[in-house]
Amino acid sequence: MSEIAAGRPGGAQTTHPDGRVELDPAAPLPANGFTNEDLRPVPVARRTWTTYNFLALWVGMAHNIPSWTLASGLVALGMDWKQAVLTIGLANLVVLVPMLLNGHAGTKYGIPFPVFARAAFGLRGANLPALIRAAVACAWFGIQTWIGGEGIFLLAGKLFGHGWQTAGDIAGYPWTQWLSFLVFWAIEMAVIGRGMETLRRFENWAAPFVIVGALGLLAWITAKAGGFGPLLDQPSKLGWGHGFWTVFFPALMGMIGFWSTLSLNIPDFTRFGGSQRAQIRGQALGLPTTMTLFALLSVLVTSGSQAVYGEPIWDPIALAAKMESVPGTLFALLVVLVATLSVNIAANVVSPAYDLANLLPRFVNFRTGAMITGVVGIVIMPWKLISDPHVYIFTWLGVVGGLLGTVAGVLIADYWILRRTELVLADLYRRGGAYWYAGGWNWRAVTALLVGGVLAVGGSYGGPFPPDGMIPTLKPLADYGWAVGLTSALLLYTALSTGAGRGPGRPGGSGRSPR
């Protein structure tokens with residue numbers, strides 16, 4: 001082992017032979033409002049996640065109802081099933097790159113996303129990208145919880161009879177649907193309240209269970225159809241010419257936007273990684289392969305539903321509700337619950353829990369942050385967010401992907417280009433250290449974030465946006481929002497920081513950042 005001094009008392013950090021770094025346990029972090037037990041670096045002894053843990057995490061997160069219906073949205077745009085699966089597969093290969101780049105810092109230093117962001121944005125400035133990510137996660141949490149509750153409502157109706165689905169209305173929905181929503185919400189809070197180790201164990205068994213459930217649905221519909229229906233034989237309405245490419249690029253950005261959230265806060269999980277090899281192999285095996293195969297599976301099942309029922313049924317809940325067997329319905333209900341729980345807790349509760357803890361570390365720990373996320377997920381009224389598909393598609397997948405792409409661009413430029421992956425770990429928690437900048441804010445990162453965000457989403461059009469775009473001159477960039485945001489922010493931040501002479505905390509420097 002070798003030790004690297006951080007340049008000030010109590011800042012010693014130890015680098016292990018495999019490259020992972022931890023703080024000297026004899027040098028406690030200062031109690032200055034920038035740390036608590038959930039934000040501290042994870043000791044190497046507790047970084048135990050294996051390749052299977054990361055693989056299971058992605059299998060559990062990818063196998064959910066919204067990702068099942070991604071292919072349907074592309075087919076509705078005129079693609080055939082091959083084009084839809086190709087688009088989804090390519091998008092996940094693209095988003096895997098920032099996922100692995102940002103995940104490296106988590107495994108090397110044992111730090112969560114908001115602490116990692118301090119290196120680029122400053123100890124206080126990191127709250128800006130963290131709260132953007134948290135807001136998106138809270139909204140996604142509410143949407144997924146409503147979907148999970150809807151699954152309970154529809155499938156329970158098969159068990160309890162017609163009266164369950166025709167119960168008296170409250171605010172436009174049967175009271176039984178509100179009850180289903182709250183029951184699902186309570187289950188999620190109970191699981192996440194037990195901490196990250198419980199989440200790891202849950203994902204380990206949830207992943208294979210959901211796969212078995214999806215394959216069971218495929219076997220059931222195949223048996224009823226006597227083979228697959230005509231959907232696989234339908235030609236593309238777009239062809240492979242100009243019409244296809246006009247739809248392909250914005251669709252690709254939308255599919256990338258689906259996981260652009262996790263490409264930022266992936267250190268929240270990789271901080272528990274047993275090695276860089278474990279997180280790289282686990283993610284590379286888990287994300288692109290799982291999402292692509294799941295899209296293919298959804299197409300096959302939907303094709304079978306068209307052969308059986310005369311129309312394609314893309315919603316797996318609605319399809320499962322057509323089962324005549326009570327045991328089959330109960331099994332389908334359990335699969336829906338586990339699948340939605342798996343993705344919602346991992347993707348949409350862990351991140352805001354850490355982000356809120358980063359905002360007020362003295363008052364908010366991981367569990368408190370998770371509970372706040374749960375409450376916000378109800379307050380935002382998710383049933384209204386998904387009632388308008390234009391708002392869901394154009395605002396959520398397009399705009400959110402563009403904004404989060406800018407954050408990814410800044411983080412990648414700072415960690416890989418400027419620092420060459422070297423951080424002064426103790427200074428991520430210390431006033432006046434290498435990442436304090438001017439009052440805790442790095443104006444270069446904030447500038448790159450704002451400029452990149454305007455370029456990425458300023459030209460947004462359609463749905464809730466003006467037909468000519470919010471900023472008409474930027475409309476041509478809107479279809480490439482995530483790529484524009486990431487590239488522009490990366491280049492601008494690099495240029496601004498290089499012009500200052502050196503990257504903050506880079507090896508060979510003083511460890512202090514230019515202001």
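In this predicted model, the axes of helix α5 (residues 113-121) and helix α6 (residues 127-160) cross at roughly 140° and come within 8 Å. Because angles over 145 degrees are needed to count as roughly antiparallel, α5 is oblique to α6. On the α5 side the contact is made by F113, P114, A117 and F121, and on the α6 side by P129, A130 and R133. By class, six residues of this contact of α5 with α6 are nonpolar, none is polar and one is charged.

The crossing in which α8 passes α14 is right-handed. Helix α8 contributes F184, I187, E188, V191 and I192 to the contact, while α14 contributes L337, T340, L341, N344 and I345. The contact of α8 with α14 comprises seven nonpolar residues, two polar residues and one charged residue.

These pairs belong to a protein with 21 helices and five strands. The protein has 515 residues, and 59% of them count as buried. Among contacts with a separation of 6 or more, 81% are between residues 24 or more positions apart. The accessible surface of the protein is about 19100 Å², and carbon and sulfur atoms account for 68% of that surface.

Terms used: Residues are numbered from 1 along each chain as its sequence is written. This is a predicted model: local features need pLDDT of at least 70, side-chain atom pairs count only at pLDDT 80 or more; totals for chains, interfaces and linings use all residues. Side-chain values use heavy atoms; hydrogens and water are left out. A crossing is left-handed if the near helix is turned anticlockwise from the far one by less than a right angle, and right-handed if clockwise. Helices (H or I, at least four residues) and strands (E, at least two) are DSSP runs, numbered from the N terminus. Contact means heavy atoms within 4.5 Å. Ala, Val, Leu, Ile, Met, Phe, Trp, Tyr, Cys and Pro count as nonpolar, Asp, Glu, Lys and Arg as charged, and the others, Gly among them, as polar. Buried means under 20% relative accessible area, exposed over 50%, partly exposed in between (1.4 Å probe, protein chains only). Accessible areas come from the Shrake-Rupley method with a 1.4 Å probe; for residues, only the protein chains shown count as cover. Axes are lines fitted to C-alpha atoms, for helices over the stretch in contact, and angles run from 0 to 180 degrees between N-to-C directions. Angles under 35 degrees count as roughly parallel, over 145 as roughly antiparallel, 65 to 115 as roughly perpendicular and the rest as oblique.
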